[in-house]
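Subject: Structure handover and notes

Hello,

Please find the structure below, followed by my notes on it. Could you read them alongside the model?

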2 protein chains.
Amino acid sequence: MKSEHIPRATIQRLALYVQVLETFRREGSEVLSSEVLAKACNVNPSQIRKDLAYFGEFGVRGVGYFVQDLISSIKQALGVDRVWKAALVGVGNLGKALLRHQDFPRRGFHIVGAFDCDPFKIGEEVSGLEVICSRRLKEKVEELDIEIGLITTPPERAQRAANYLVDAGVRGIINFAPARINVPETVYVEYVDFFHHLYAVAFNLNMDNQDR
Amino acid sequence: MKSEHIPRATIQRLALYVQVLETFRREGSEVLSSEVLAKACNVNPSQIRKDLAYFGEFGVRGVGYFVQDLISSIKQALGVDRVWKAALVGVGNLGKALLRHQDFPRRGFHIVGAFDCDPFKIGEEVSGLEVICSRRLKEKVEELDIEIGLITTPPERAQRAANYLVDAGVRGIINFAPARINVPETVYVEYVDFFHHLYAVAFNLNMDNQDR
C-alpha cells in the first residue's frame, strides 16, 4: 500500500470518482468503460488509471470498471469505509443545515455532538441532538469517541472553537467559517470556503462581460 | 490589465488574501508587512507578489501593504467590487441556510430569488423571499437581472435545476449538490463539495492512526 504518499490532488479526484460512480450506480450501471467514467469526471482516462494505481489494479481491458467494486476499493483506500464521529461547533444557520444534512450519515460521517457558546442555544434540540456548551467539548469528545470537528461559527469565533477542539484532542478539523485558524502541526485542517467559488464565478462572468 | 490570463489557482489565492486581509482589518490593522500576510495565508511572500503582479504593483518597500487599498484592488480585479444577483434553486436545509447567510450580501452576492419544484415549498417565505416554482426561473431571471445560479437540490435533481438555469440565460453556476452537471461550454460551473474535504480529513487521520 503506497497510500501514505497519495498527493492531495489525487485524494480530491478520488473523492470525485466516488461521487460520479455513485451517480452511475444510482442510475443502475454495474460496469463502466474508462472513457465514460473519465468524461463524466472531466479528466482523461490515463489520469484515472494513474490515480487508482496508488492502491491497486482496477478495470478489465475491453470491459471497464465494476462500479460497486471500484466504489468500495476507493472508499477503503481513503479510509471512509468506516464510521467517523464528528462534533459540530457553532449551531447557527449553516450549523443547523449540516446537522440536518442526510448526506453526512449516508457517507459515514456521524455528527454526534452539537456545541455552542450562546446560552440561548444551549439546551435547544437540533436534528435529535441537544446543543451543549462548547466548554464541555473535552468531556464529550472522550465520552463519544469524536475524531473530527466541524467549525460553523462566525469568523471571529473560529479560533476559539479550534482551541476547544484541539484541547479536546480532535486531530482533524473542517473549518466552514471564513477565517484562518492556527492549530498545532499534528492537527489536520481543511477549509470549506463558498466565497472562493463565488469569486471564481464572478471573475469569469466579469471577463465574459468585458469580451462582449 | 492581464487579468484574462489569471490562472484558477491564483484566483483562489486572491480570494484567500481578501479573507485574511479582512480579518486583519477587523482587528484594526491598517498596514501589513508582506511576511505577516504571507504567514497568515500560509504561502510565501514571493507567491503573493507574483499573484498581485497580475493586476498592478502593490506594497511599499520597508512598509508593506495598505490593508484597505489592497482589499479594494483585489476585489476590483476579481470583479467583486459590485453587486451580483443570484438565484437559489432547491430550498432544503442547505438552501435555507445559504438564504439566511449574512455573508452573501456582505460580500456583494445578493440572492434575490428562491426556487423549488416542491408544491409544499412554493409560496413559503424564507429570509424575506417567497419560494417560487422553478418553472418560472426564466421569467424571474429576466425580471430580477439574475446572473448567477446556486444549486442546492438533492443530487438527483441537480441536472434539472441546471437545465432551468441555463434555459433562463444564467452563465455562472455554483453547484452545492453532490452530483456532476452537464451544461453548455458558455456556462461556467464551480462545484462546492463538502465531502472532498471530509474525505481528505478522514484519509489523513487514517494514515496517522496506522502510523501509531
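First, the conventions. This is a predicted model, in which local features need pLDDT of at least 70 and side-chain atom pairs count only at pLDDT 80 or more, while totals for chains, interfaces and linings use all residues. Residues are numbered from 1 along each chain as its sequence is written, chains are lettered from A and ligands numbered from 1 in the order in which they are written, and side-chain values use heavy atoms, with hydrogens and water left out.

Interface

Of the area that chain A buries against chain B, 12% comes from Arg171(A), Tyr199(A) and Phe203(A), more than from any other three residues.

Across the interface, 12 residue pairs are in polar contact, both residues being at pLDDT 80 or more. A polar contact is a pair of N or O atoms within 3.5 Å; within protein, one must be able to donate a hydrogen and the other to accept it, and residues adjacent in sequence count only if both atoms are side-chain atoms. Helices (H or I, at least four residues) and strands (E, at least two) are DSSP runs, numbered from the N terminus.

Arg171(B) forms a salt bridge with Asp208(A), with 3.0 Å between the closest N and O atoms.

Aromatic pairs

Over all chains there are 10 aromatic pairs. Rings of Phe, Tyr and Trp (its six-membered ring) pair if their centres lie within 6.5 Å; planes under 30 degrees apart count as stacked, over 60 as edge-to-face and the rest as tilted. Phe104(A) and Phe195(B) form a tilted pair, 5.2 Å centre to centre with 50° between the planes. This pair crosses between chains, from helix H6 of chain A to helix H9 of chain B. Phe104(A) is buried at 1% relative accessible area, and Phe195(B) is buried at 3% (buried means under 20% relative accessible area, exposed over 50%, partly exposed in between; 1.4 Å probe, protein chains only).

Phe194(A) and Phe104(B) form a stacked pair, 6.5 Å centre to centre with 25° between the planes. It runs from helix H9 of chain A to helix H6 of chain B, and both residues are buried. Ring pairs also link Phe104(A), Phe176(A), Phe194(B) and Phe195(B) into a cluster.

A loop residue

Thr153(A) lies in the loop between S7 and helix H8 (158-167) of chain A, and is buried at 11% relative accessibility. A polar atom of its side chain lies 3.3 Å from the backbone nitrogen of Ala158(A). Beyond its neighbours within four places in sequence, Thr153(A) contacts Val89(A), Gly90(A), Ala158(A), Ala161(A) and Ala177(A).

Salt bridges

The whole structure has 24 salt bridges over all chains. Asp51(B) pairs with Arg13(B), the closest N and O atoms being 2.6 Å apart. That pair links helix H3 to helix H1 of chain B, 38 residues apart, and Asp51(B) is buried at 1% relative accessibility.

Glu147(B) forms a salt bridge with Arg82(B), at 2.5 Å between the closest N and O atoms. The two residues sit in loops of chain B, 65 residues apart. Glu147(B) is partly exposed at 21%, and Arg82(B) is partly exposed at 30%.

Regards

Technical notes: Buried area = accessible area lost by both parts, 1.4 Å probe. Salt bridge = Lys/Arg side-chain N within 4 Å of Asp/Glu carboxyl O. Contact = heavy atoms within 4.5 Å.
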